[in-house]
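Keep the structure open while you read.

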Amino acid sequence: MVELDRFTTCSSAVEYSGGDVRWGGSDRHSPVSGGVKECDVFTGKWVFDNGSYPLYNESHCPYMSDQLACHKHGRPDLGYQYWRWQPNDCNLKSVTEMWEKLRGKRLMFVGDSLNRGQWISMVCLLQSVIPANKRSMSPNAHLTVFRAEEYNASIEFLWAPLLVDSNSDDPVNHRLGDRIIRPDSTSRHLSKWENADILVFNTYLWWRQGPVKLLWSSEDNRVCEELDGVRAMELAMKTWAKWVDSNVSPLEKRVFFVTMSPTHMWSQEWNPESQGNCYNESNPIFKENYWGTGSDLQTMSIVEDILSRLGSKVTVLNITQLSEYRKDGHPSIYRKFWETLSPEQLSKPESYSDCIHWCLPGIPDVWNELLFHFLLEGYTKL
């Protein structure tokens, strides 16, 4: 089987033949979501708290990404940093004890740039207690590793935006005209993630960018089948789930799946008289159960069905609803852009605002507080 890379092309493209990934899973039941019987940490509200937040200073984290460093890139308001997620029936614990939980272990985030943002958040949350000469960060690559020597621990990020093998697996050069995947193979990524102790997966937005070309592992002549993104994602998720089902024992390895991260592309969804997006938004949405069109219910249903058949082998970090409220948390124009912006774009900031990713410090810090909450509960043998 020839490995896909960014130079891979299809010799021809045909309609989807109906092929599937053979995985049935267990009977459908509720996936593990931490201590939901004691407290549903995903149901609550955002509370302004400038006494406890932010949990770190943007400029004090040497591993901060210019894509997420909103204050550095000119954001004039800092209110987005001061909101604490307050579950209705309990409090989230401080992440300060996380290193003890990670002693001797590998925590790996696997996914796209949103998962990379959560990884950077985790590194920034924890790095300050490690002496500079006892910590290190490897160069940006397919797998990037932050190491804490005195804990014999690592916090890692594996670039795998579609989870399965694809022509977009280069962490830098992945903006391609055609998106080609091997829907039945994770071989490129598997060798990197299989020995991690705690795995945090995500995938979503890359499936929302038009049709996907499928190149099955048995196909040697590069004849691709074309399929819409939602159904292609279902195939990829089944391949991932097949590995989890066959290889994960929750007492030995913890696997988390992060649900879709919302976008805030159309301000008329929260303000019918507006025609913008997240640009210039400085407060959360306070309407209970607000749900924007950037979070696709069909996709969510497919993911829920697959996760439900994995039972206790996977813990779901359901960050979607709580993040829906945070239209103020995106970089918009306050980040580094690697492409040169045209005069027309510069004259209309909404046209190039990033309403997908999240400023740091910010919302991904709360996702990591939720992750820590679940790591503290049970599975003490890990």
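Two strands count as paired if DSSP finds at least two bridges between them. The model discussed here is predicted.

- Strand S12 covers residues 254-258, and five of its five residues are buried, so the strand is largely enclosed by the rest of the structure.
- Buried here means under 20% relative accessible area.
- Arg254, Phe256 and Val258 cover one side of S12, while Val255 and Phe257 lie on the other.
- Strand S9 (residues 198-201) runs parallel to S12 and is joined to it by four bridges.
- Within that pairing, Leu199 has Val255 of S12 as its bridge partner.
- Strand S13 (residues 315-317) also pairs with S12 in the parallel sense, over three bridges.
- Here Val258 is bridged to Leu317 in S13.
- From S12 the chain passes through helix H5 (residues 297-308) to S13, a right-handed β-α-β crossover.

**The four-stranded open sheet**
- Four strands form an open sheet in the order S1-S11-S10-S8, with mixed pairing.
- Strand S1 (12-15) and strand S8 (180-181) are the edges, each pairing on one side only.
- S1 pairs with strand S11 (residues 223-227) in the parallel sense, over four bridges.
- Glu15 has Glu226 in S11 as its bridge partner.

**The second largest pocket**
- The second largest pocket has a volume of about 400 Å³.
- Its lining has 23 residues, with Leu55, Ser94, Val95, Thr96 and Leu125 nearest the centre.
- Strand S3 (83-87) and helix H2 (113-126) are the elements that each give two or more residues to this lining.
- The lining residues divide into twelve nonpolar, nine polar and two charged.

Technical notes: Residues numbered from 1 in each chain as written. Predicted model: local features only at pLDDT ≥ 70, side-chain atom pairs only at ≥ 80, totals over all residues. Heavy atoms only, no water. 1 Å grid on protein atoms, 1.4 Å probe; cavity = no way out; pocket = protein on both sides within 12 Å on 5 of 7 lines; lining within 4 Å. Points joined across faces, edges and corners; volume = space filled by probe spheres on them. Nonpolar A, V, L, I, M, F, W, Y, C, P; charged D, E, K, R; others polar. Buried < 20%, exposed > 50% of the residue type's maximum accessible area, 1.4 Å probe, protein only. Right-handed = clockwise from strand over helix to strand, strands pointing away.
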